[in-house]
Amino acid sequence: MYDVLIIGSGVAGLSAAIEAKQNGANVLVVSKTAITACGSSQAQGGINFAIDSEDEVELHMKDTLKSSQGLGKKEHIEKLCKLSLDSLSWLDNMGVVFSKLEDGNFAQRRLGGSSKKRACYASDYTGLKIVHTLYDKAVSSGVEFLSEYMLLNMIVEDRCCYGATLLDIKTTTVKEILAKSTVLATGGYSGLFEGFTTNSYAVTGDGIAAAFRAGARLTNMEFVQFHPTALKEKNILLSESARAEGGYLLDAKGERFVDELQSRDVVARAVFEKLKEGDVYLDVRHLGSHKINELLPQEVAIASNFASIDITKEPIPINPAAHYSMGGIKIDEECKTNIKNLFACGECADALVHGANRLGGNSLLEGVVFGRIAGEISVKESHKNNSTISSQTKQFLSDSVFINGVFGFSNQIDFYEKRNFMGKIFYKNIGLFRTDLNMKAVLSQIRQWQKEFSFMGISDKGRVYNTNLVEFIEFGNMLELSEIVVVSAISRCESRGSHFRIDYPQSHESFEKISVASRVEGILAVDFGDVK
Amino acid sequence: MKITIQRASEQVFEIPDAKYTVLEALRYIKINMDRTLTFNQGCRSGVCGSCACTVDGKEVLACKTFLQDNQKIEPLKNVEVIKDLVVSKDKIGQNIQKYKTTVIQNSQKMATLQDVKKIDVQSNCILCQSCYSSCPVFAVNKEFAGPYILSRVFRYANDIKESNQKEHIDSVQTNGVWDCTLCGNCTLVCPEHLDPKSDIQSLRNMSAVHGYMDPNFANMSFGGDMDFTGNQSGFGFNPNF
């Protein structure tokens, strides 16, 4: 039995692992993909650190709180901002290659919604460099890793978590891994917008769905952040750093139409509206090729590789794309969920720091700060935990039966077609502009698919690295989460942050609350609770 | 257009003419023609390293390579093939552990702009294993450390934060820097534009500073009793001489 089992190997999971290991625990990290093939690796623009002056922490808190539009919890935001400086030295000492200025200070850029330059960066490979440095550190510290193990379910009995069941993808066998503390760090659910998201194909919310099945509460699931600038149709992220360094957004006539550094929700909606009149472009030409090549190397490479565009000479066609899930598993400031010995951190959790709209540069920071807290607290709690469970748990047995059963599913209905269609109807109806009528139509479609799930299935019956099976299980999780996102969005009859309702275009004080989804006697229920 | 995929045996698929990336073509085949086709995919933007394979023998990331008619897609070489285009990644973690690619002893120094530039590109490695696949040394030495791990060792050995450069250099003396033939294949195929060949050369220079010499050189026999340095033991160059 492990002291700490961590599921997910992005910035949050790896930070938790290093911290737990340094607190003396034996730690296992499992990942559905290769260890470093995580969403964090895709984060480009930067990570906020309040380093400049004494009042900088206050300002960072103020910006974050403002951006959250009333749904950020002050105490949690305070923790995030106050611990940022310590996180910077933690990463810096580990060897993360942050960009520097001539005078040796950390280079910082201003991202949308921030009142000043606050985001440190590592050219525009910020997430990638952090992830790889953390991985190196974790391996060298003796953290154990299992890659290509997909989470199936949490092992929970009497509201206490004992680990998880996983699918060993290489051999198609169900394994149970028992642990005194289990930390979920599995990323968000932007994959519901398949074909319209900057995220990896792997970001299907498996951890959030498993936690929900185990009885965890999910909060603010209706809030999904759209990034204003993804490469047109390819939906590859063009970092906010381009606008931070002075890039313009232009309409089809070549005119600017929005203050490029407003918060992401505002800019994304403006771009979406403009797209009705023709293409919209991100233009950095006026920055000059020296600055572009120096500060935006990844944008240069992306535009050139995927659209054959030289960004020093041409503007880049863009569209908004689903980018980040603000909602997730409800946690307290110690990353505890409402299930004993189950913790969550990073994008899969809702630490109530982003609220209705995340500030650029705060996601990596949240991953590091709350990842480390999850690591530390999960070890502390594991010492208190004397409860034991014998192997061959009920969950393990039922999941083994289920996986074998999938091979016998009739496969009359093609789930790939549905998965693709879900992305489309989500982008159109659960995206930047929402209405009651449209969302209810989506909901009935999802519920129909839920009923049909056992008539879907797999046609690859092989037992070695069956990605057809993996994608089918992912789709099951997507069906579970999509319903929750839609019901939460229908229930919030107002507009706030990333959640914009055409039928309720104003925000209402009565909704300055967090939505809380739970399952009561098998029925999905969404209530509203106080942020405090 | 036609695309040939090396699976258990070679298989040819005929797909509609269009401008695809290799990954888009693979996804098209999986979703519309053959659900058993197996490959890894992830970020679609060239940073996760999942989709590396070879196209007409050259290592590429499938997500950022455009497909041309009649091309042949194969799994990476020099790594265990698990199924179709999926290869084992197990060696990566083992290598990182073995070669201890991390800051071993913190110097507490602050990095300057110049310090950062020295290791900026080296820290962009995405562990896609393309360089391993392209490396000819594995044909003769399966124990060779290989390009990405040597670039990674160099990245930490050359980091101002590291005060124990020697331990990094010590770790790459056997089956390491001296086994490379400097053919430069790794540099040509790296999707993130690392230059492992030059990193390995830099590591050799560092090795010399730490008192190591090229064992190939040392073992070379020129039939005479004397070498350039006047040593009797062979064609060796002692930097401390």
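Hello everyone, and thanks for coming. Before we start, please keep in mind that this is a predicted model, where local features need pLDDT of at least 70, side-chain atom pairs count only at pLDDT 80 or more, and totals for chains, interfaces and linings use all residues. Residues are numbered from 1 along each chain as its sequence is written, while chains are lettered from A and ligands numbered from 1 in the order in which they are written.

Let's begin with a sheet in chain A. It is open, has 5 strands in the order β17-β15-β10-β18-β19, and its pairing is mixed. A word on terms: helices (H or I, at least four residues) and strands (E, at least two) are DSSP runs numbered from the N terminus, and two strands pair if DSSP finds at least two bridges between them. Which strands stand at the edges? They are β17 (349-350) and β19 of chain A, each with a single partner strand, so one side of each has no neighbour in the sheet.

Starting from the β17 end, strand β15 (residues 328-330) of chain A runs parallel to β17(A), with 2 bridges joining them. There, Ile329(A) stands opposite Ala349(A). Further along, strand β10 (residues 218-219) and strand β18 (residues 513-520), both of chain A, pair in the antiparallel sense over 2 bridges. β18(A) also runs antiparallel to strand β19 (residues 523-530) of chain A, and here 8 bridges join the two. Please find Ala517(A) in β18(A): Ala517(A) is the bridge partner of Leu218(A), and Ala517(A) also stands opposite Val526(A) in β19(A). The hairpin of β18(A) and β19(A) has 2 residues between the strands, and Glu521(A) takes a positive phi near 45° there.

Most residues other than glycine have a negative phi. Asp158(A) has a positive phi of about 50° although it is not a glycine, and its place is in the loop between β7 (149-157) and β8 (160-168) of chain A. Asn235(A), with a phi near 55°, is found in the loop between β11 (224-231) and α7 (241-244) of chain A. Is Asn235(A) buried or exposed? Asn235(A) is buried, with 24 other C-beta atoms within 10 Å, whereas Asp158(A) counts as exposed because it has 8 C-beta neighbours inside 10 Å. The cut-offs are these: 20 or more other C-beta atoms within 10 Å for buried, 12 or fewer for exposed, and partly exposed in between, with C-beta atoms placed from the backbone.

Next, a helix pair. The axes of helix α1 (residues 11-22) and helix α11 (residues 362-384) of chain A come within 7 Å and cross at roughly 35°. Those axes are lines fitted to C-alpha atoms, for helices over the stretch in contact, and angles run from 0 to 180 degrees between N-to-C directions. Among the residues that meet are Gly13(A), Ala16(A) and Ala17(A) in α1(A), and Gly367(A), Gly371(A) and Ala374(A) in α11(A). The contact residues divide into 11 nonpolar, 6 polar and 3 charged. Here Ala, Val, Leu, Ile, Met, Phe, Trp, Tyr, Cys and Pro count as nonpolar, Asp, Glu, Lys and Arg as charged, and the others, Gly among them, as polar.

Ala17(A) comes back in the largest nonpolar core, which has 228 residues; Ala17(A), Ile329(A) and Ala344(A) are among those that touch the most other members. Such a core is a set of buried Ala, Val, Leu, Ile, Met, Phe, Trp, Tyr and Cys residues joined through C-beta atoms within 7 Å. Contact means that the C-beta atoms, placed from the backbone, lie within 7 Å.

Finally, the two chains together. Chain B itself has 9 helices and 7 strands, and 46% of its 241 residues count as buried.

Methods
Two residues are in contact if their C-beta atoms, placed from the backbone, lie within 7 Å.
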